Amino acid sequence: MRSVVWLGFAAIFLGVEAHPTHYDIDERYFLTNDLPPFQSYHIHVMFVNGNNDSVKAAMALRQQFVEHFNLTKTTPCTGLLHQGRLCMFDVEVYPDSGSPFVSGQWAVFLRLEDFPICVPWIMQYRQNFDILVHPNSGKELDDHTLWPVWGGTPWPINVEAFST
């Protein structure tokens, strides 16, 4: 048991993970019960890959989001974090084995100030899609499992993505 805990700490401090953090997080947040601040958020719209109707409807909702928030002439996000602007990630129709997502999804990076504008919109316009909104604190496992907000039905998360 002691070696498992040691390996867990080693993975955290050596930065060995599939969904990497780029937020500097104070070591005390891993060693104490202090909670890290939320730096930003992601919205993920989940859809069934391999189902043409689901993919098509999800892409239509994505386009509606892009147009509503005037993102038609902006470049996609260039990394997971530290974007400094509202931006869209590339669509992940077939996630790889290192992804926390088990099916298709499209995602948006939100600054803190974007949250009260974008989250209510996506919750109202989501149709039958399930929506994951999670913070980015530097503690990816907690961000995706303890602190997210779901619109619709929660989907499984591949928690192994945060430990490899």
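This is a predicted model: local features need pLDDT of at least 70, side-chain atom pairs count only at pLDDT 80 or more; totals for chains, interfaces and linings use all residues.

Visitor: Okay, which residue is the bridge partner of Tyr41 in strand 4?

Guide: Pro135 is the bridge partner of Tyr41 there.

Visitor: And how do strand 1 and strand 3 pair?

Guide: Strand 1 and strand 3 are antiparallel and share seven bridges. As an example, Met46 stands opposite Gln105 of strand 3.

Visitor: How many residues of strand 1 are buried?

Guide: Eight of its eight residues are buried. Both faces are covered: one side has Ser40, His42, His44 and Met46, and the other has Tyr41, Ile43, Val45 and Phe47.

Visitor: Switching to the core. Which residues have the most contacts inside the largest nonpolar one?

Guide: That core has 23 residues, and the ones with the most contacts inside it are Ile43, Val45, Phe65, Trp106, Val108, Leu110 and Ile122. Two or more residues each come from strand 1 (40-47), helix 3, strand 3 (104-110), helix 4 and strand 4 (130-136). Helix 3 gives the most, with five residues.

Visitor: What does Ile122 touch?

Guide: Leaving aside residues up to four places away in sequence, Ile122 touches Ile43, Val45, Leu61, Phe65, Trp106 and Ile131. There's also a second, separate core of six residues, with Leu132, Trp155, Ile157 and Phe162 among them.

Visitor: Let's do helix 4. Which of its residues are buried?

Guide: Cys118, Val119, Trp121 and Ile122 are the buried ones in helix 4. Looking down the axis of helix 4, those buried residues fall within an arc of 165°, so they line one face of the helix.

Visitor: Why would residues three or four places apart point the same way?

Guide: Because an α-helix has 3.6 residues a turn.

Visitor: What covers that buried side, and which exposed residues sit on the face turned away from it?

Guide: The cover over the buried residues of helix 4 includes strand 1, helix 3, strand 3 and strand 4. On the face turned away, the exposed residues are Pro116, Ile117 and Gln124.

Visitor: And what follows helix 4?

Guide: Gln127 follows helix 4, and its phi is positive, near 60°.

Visitor: New topic: how many aromatic pairs are there?

Guide: Eight aromatic pairs in the structure. In one of them, Phe38 and Tyr41, the ring centres are 6.0 Å apart and the planes are at 80°, so the pair is edge-to-face.

Visitor: What are the relative accessible areas for Phe65 and Trp121?

Guide: Phe65 is at 0%, which counts as buried. Trp121 is buried too, with 7%.

Visitor: Last one: which residues form the aromatic cluster?

Guide: Phe65, Phe69, Trp106, Trp121 and Tyr125 form one aromatic cluster.

Definitions and conventions:
Residues are numbered from 1 along each chain as its sequence is written. Side-chain values use heavy atoms; hydrogens and water are left out. Rings of Phe, Tyr and Trp (its six-membered ring) pair if their centres lie within 6.5 Å; planes under 30 degrees apart count as stacked, over 60 as edge-to-face and the rest as tilted. Buried means under 20% relative accessible area, exposed over 50%, partly exposed in between (1.4 Å probe, protein chains only). A nonpolar core is a set of buried Ala, Val, Leu, Ile, Met, Phe, Trp, Tyr and Cys residues joined through side-chain atoms within 4.5 Å. Helices (H or I, at least four residues) and strands (E, at least two) are DSSP runs, numbered from the N terminus. Contact means heavy atoms within 4.5 Å. The arc is that of the directions from the helix axis to the C-beta atoms. Two strands pair if DSSP finds at least two bridges between them.
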